[in-house]
Amino acid sequence: MNTHGPRRVFGPRPPLLKRPARGPNPLRRRTDRIQTWCTVLFVLILVVGLPAAAISAGYAAHASQMRVVAAETSARHQITARLADATPGPAHSDVREPRQARVRWVADDGERHTGTATVSGDGDSGDEVRVWVNREGALAQPPSSPSTARTMGWFTGCITAATVAALAFTGRARVRRALDRRRYARWEAEWKVVEPAWSGRNRR
């Protein structure tokens, strides 16, 4: 057993690890740099462009639909009409389920009208119901609700996000295939120059 401590090793010391030299890498070709920048652009599109496009499209669709809601609400109003016929519903059904029924009402000018409107629940002939009419006094569908505008905004935003993501992935894949073709073509051209000397065919 050695009681004098570890043995001294003679000879040159191993070289210290140095940091990699900075500057352009001779092995890094132009296609590699282009692919790096395309990857950076791809990430920026997904992180910044996709949310911005989706939010902008969603807000635009919501605002547009809200204008439609406001226009329909201002052009239509509810009046009280009466059922022209009884509206029996199917057995074991919800009495609040909307149904088509013939109704009659009196316009502002005193003229009597009849028509088919959507009413909620069952009723007998002569029962009062609320229906929507336009400015001319004709039956109309209920105006769109703000919830419809919100749904349209979310739907448009999701579709926009999916479209941007699909375009980004498709563009990245096409650029990568184009760069790979260019690399393979250049490698083949360089191999035609190097291979004869490397294989020794020139020494024959």
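A: Trp 187 has a relative accessible area of 41% and is therefore partly exposed. In this predicted model, its ring pairs with that of Tyr 184 in a tilted arrangement, with 5.6 Å from centre to centre and 55° between the planes. An α-helix has 3.6 residues a turn, so residues three or four places apart point the same way.

The count of aromatic pairs comes to 2. The other one joins Phe 42 and Phe 169 in an edge-to-face geometry, at 5.0 Å centre to centre and 75° between the planes. This pair links distant parts of the chain, since Phe 42 lies in helix 1 and Phe 169 in helix 2 (residues 146-199), 127 residues apart. Phe 42 counts as buried because its relative accessibility is 11%, under the cut-off of 20%. Phe 169, by contrast, is partly exposed at 48%.

The ring of Phe 42 has a further contact: the charged end of Arg 172 sits over it, 5.0 Å from the ring centre. Helix 1 itself covers residues 30-75 and reaches 63 Å from its first C-alpha to its last, close to the expected 68 Å. A kink of about 40° is centred on Ile 45 in this helix. Among the buried residues of helix 1, besides Phe 42, are Leu 50, Ala 54 and Ala 57.

Terms used: Residues numbered from 1 in each chain as written. Predicted model: local features only at pLDDT ≥ 70, side-chain atom pairs only at ≥ 80, totals over all residues. Heavy atoms only, no water. Helix = DSSP H or I, 4+ residues; strand = E, 2+ residues; numbered from the N terminus. Expected span 1.5 Å × (residues − 1). Bend = angle between axes of the 7 residues up to and from the residue. Buried < 20%, exposed > 50% of the residue type's maximum accessible area, 1.4 Å probe, protein only. Phe/Tyr/Trp six-rings, centres within 6.5 Å; stacked < 30°, edge-to-face > 60°. Lys NZ or Arg CZ within 6 Å of the ring centre and 35° of its normal.
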